[in-house]
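Hi,

Here is the structure I promised to pass on to you. Have a look at it first, and then read on for what turned up in it.

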Amino acid sequence: MILLDPVWTALLYLAAAVFFILALRGLSSPRTARRGNLVGAFGALLAVVTVFLSARLENIPWIIGAIAVGTAVAAPVARRVKMTQMPQLVALFNGVGGGAAALVALLELSHNADPWTRLAIVFTLLVGAVSFAGSGVTFAKLQELMTTRPVVFPGLPVVMAAVLLAAVGTAVAVVLTGSLALAVLLMVLGLAAGALLVLPVGGADVPIVISLLNAFTGLAVAASGVVLGNVLLVVAGTLVGASGTILTRAMAAAMGRSVAGILFGAFRGGSTAGSTAVSERPVRSSSPEDVAVLLGYAQRVIIVPGYGLAVAQGQHTAAELALALEARGIDVDFAIHPVAGRMPGHMNVLLAEANVPYESLKEMSEINSEFRTADVALVVGANDVVNPAAKTSSGSPIYGMPILEVADARQVVFLKRSMRPGFAGIENELLYEPQTSLLFGDAKDSLAKVLGAVKAL
Amino acid sequence: MDGMSLLTITVLAVFVGFEVVSKVSSTLHTPLMSGANAIHGIILVGAIIVAGQAADPWVLAVALLAVVLATANLVGGFVVTDRMLHMFRGRKGVGK
C-alpha cells in the first residue's frame with residue numbers, strides 16, 4: 001500500500017535513524033540508559049510502520065504472520081531468560097540478525113547486475129554468514145553445549161586460510177557471474193569461516209567475540225542497505241558497526257589484551273588455555289565463623305565478585321550479606337572488574353538484579369586506591385582479576401591486564417570452590433600471602449553460611 | 001540514491017557511531033552491546049521489502065524465514081536490554 005510519498009518516507013526513515021543515534025547515546029549513561037533503549041525500540045517501530053505504508057508490498061498477511069512468529073518466539077525467551085544466561089541470548093539474537101541479512105542479500109542477487117551492488121551483496125552474504133555461525137558456536141560455548149576451552153587442531157590456520165581464500169575466489173565469481181549456486185556456496189564458506197574463527201577462542205574471551213560479531217552483523221546490515229538502496233539500513237548498520245568496534249576494543253583493553261591476540265592467540269598455542277594443575281603449597285583455610293568475625297568487626301569491607309559468584313547464582317546472597325553488614329554500620333562496596341562475570345558489565349547487571357544500588361558498584365579505577373583503607377577484601381569466585389601476576393610476571397598470559405589491588409587491604413578473604421586456577425590457568429601468589437585466608441566451597445553456600453554467622457554475632 | 005551520497009552518509013555514520021559510545025563506562029558495556037545488537041535487527045525492514053516483492057513461493061519462503069529471524073533479533077534484543085536496564089536502580093528508586 002502506498003500512502004506515503006518518497007519525501008515523507010525519507011523523512012520518517014531519517015527520524016528513525018535519529019532515534020537510533022539517541023538510543024546509543026542514552027545507553028552510554030546509567031541515568032538515561034533505559035529511556036535510550038525505549039527510544040531505539042520506538043525508532044524501530046516507526047521504521048517498520050513506514051515500510052508497510054511506503055512500499056508496494058505483496059504477501060502482506062504472510063509477512064505479518066512471520067513477524068508474529070518471530071515475536072512470539074523471541075519475546076517470551078527474552079523476558080524469561082535468567083540473567084546469568086543473558087550473554088548467550090544476546091549472541092543468539094546477534095546471530096539470527098546476521099543470518100537474516102545474508103538471506104536478504106541472497107534473494108537480491110537475481111535483481112542486481114551492477115557489479116558494485118553485487119559487491120555489496122557478496123559482502124553481506126559472507127559477513128552475515130560468519131556472524132551467524134560464529135554466534136552459534138559462541139552460544140554453544142556459553143550454554144556449555146560444548147567445551148568452553150579453546151578448540152584447536154593441527155592445521156587449523158591452514159584450513160582457515162584455505163576457507164578464506166576459497167571465499168574470496170567465490171565472491172569474485174559471484175560478482176562476475178551472478179550465479180545463485182555460487183552465492184549459496186559462498187554462504188556455506190562464510191558459515192565455516194565463522195565457526196573456525198570462534199572455535200579456538202577460550203571461554204573467558206568469548207564475550208569480546210560476541211561484541212565483535214555484533215559489529216560484523218552491523219556491517220552486514222549496512223551493506224544490505226546499499227543493496228536495497230535503503231538509507232536507514234545503511235545508517236543503522238554503520239552505527240552498530242562503528243560503535244561495536246569501539247566497544248570491542250574497550251572490552252579487550254579492559255582485559256589488557258588485543259583483539260587480534262584473542263582471535264589468533266590460540267593459533268600460536270597459548271590463548272587462555274592454561275594448566276589446571278593444583279598446587280601442593282600450604283594455604284590458610286578458615287571457617288565461615290572466622291570470616292564472619294573478620295567482616296562483622298571491620299569498618300570498611302570491599303566485596304570483589306567474580307565469575308564463580310555468577311555461576312553459583314550467589315548474587316542475591318552477596319547482596320543480603322552486604323545489607324547485613326551495613327546494618328552493623330559497616331561501609332560496604334562492591335569492586336567490579338570490567339570483565340567480572342561472563343561479559344564486561346555483566347556483574348553489574350547481576351548485582352543490580354539482586355537490588356544492589358548502582359552507587360555501591362565501584363569501577364576499578366574508582367576503587368583501586370581505596371583498598372588501602374579497607375579492613376577486609378572479600379573475593380567471591382574471582383581469581384585472575386585479582387592476580388598480582390598480571391603486574392609482576394611478564395611471562396604470564398594475563399600480564400598487562402589491569403587488576404583490582406586487593407593485596408592492599410588489611411585482610412583478604414577468598415571464597416573459592418577449590419585451589420584450581422582460574423580461566424587463565426595460572427597460580428595466584430596472593431593465595432599464599434600471610435594476610436590471606438580461604439573459605440572453600442560453592443560461592444553461594446559459603447556466602448549463606450557467612451551471612452548466617454554474621455547475623456548470629 | 002547515487003553511490004557518492006551513500007558513501008558520504010556511511011562515513012558520517014561511522015563517526016557518529018564512534019562518537020556516541022566513546023565515553024561509555026564499563027558498567028554499561030553489556031547493555032550497550034545488547035542495545036546495539038537490537039538496533040541491527042532493523043534488517044527486518046529489508047526482509048519485509050524482499051518478502052513483499054517475492055513472486056516465487058521459494059523466494060517467499062526464504063524471505064519469510066529472514067523476516068522471522070530479523071524480528072527475533074529486533075524484538076528479543078530490545079526486550080532483553082530493557083530487562084537488564086530495569087535492574088539498574090539507585091538506592092532511592094532514582095535512575096530512570
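One definition before the rest: a residue counts as buried if 20 or more other C-beta atoms lie within 10 Å of its own. Please keep in mind that this is a predicted model.

Let me start with chain B. Of its 96 residues, 61% are buried. Its secondary structure comes to four helices and zero strands, so the order of elements from the N terminus reads α-α-α-α. Among the contacts in chain B with a separation of 6 or more, 56% join residues 24 or more positions apart.

Now to where the two chains meet. Chain A puts 97 residues into the contact and chain B puts in 78. On the side of chain B that touches chain A, two or more residues come from each of H1 (3-21), H2 (29-39), H3 (43-53) and H4 (57-86) of chain B. H4(B) gives the most to that side, with 27 residues. Sorted by class, this side of chain B has 48 nonpolar, 24 polar and six charged residues.

In chain A, helix H5 (residues 115-142) is worth a look. Just after H5(A) comes A:Glu144 with a positive phi, about 60 degrees.

Enjoy exploring it!

Best wishes

Definitions and conventions: Residues numbered from 1 in each chain as written. Chains lettered and ligands numbered in written order. Predicted model: local features only at pLDDT ≥ 70, side-chain atom pairs only at ≥ 80, totals over all residues. Contact = placed C-beta atoms within 7 Å. Nonpolar A, V, L, I, M, F, W, Y, C, P; charged D, E, K, R; others polar. Buried ≥ 20, exposed ≤ 12 C-beta atoms within 10 Å, placed from the backbone.
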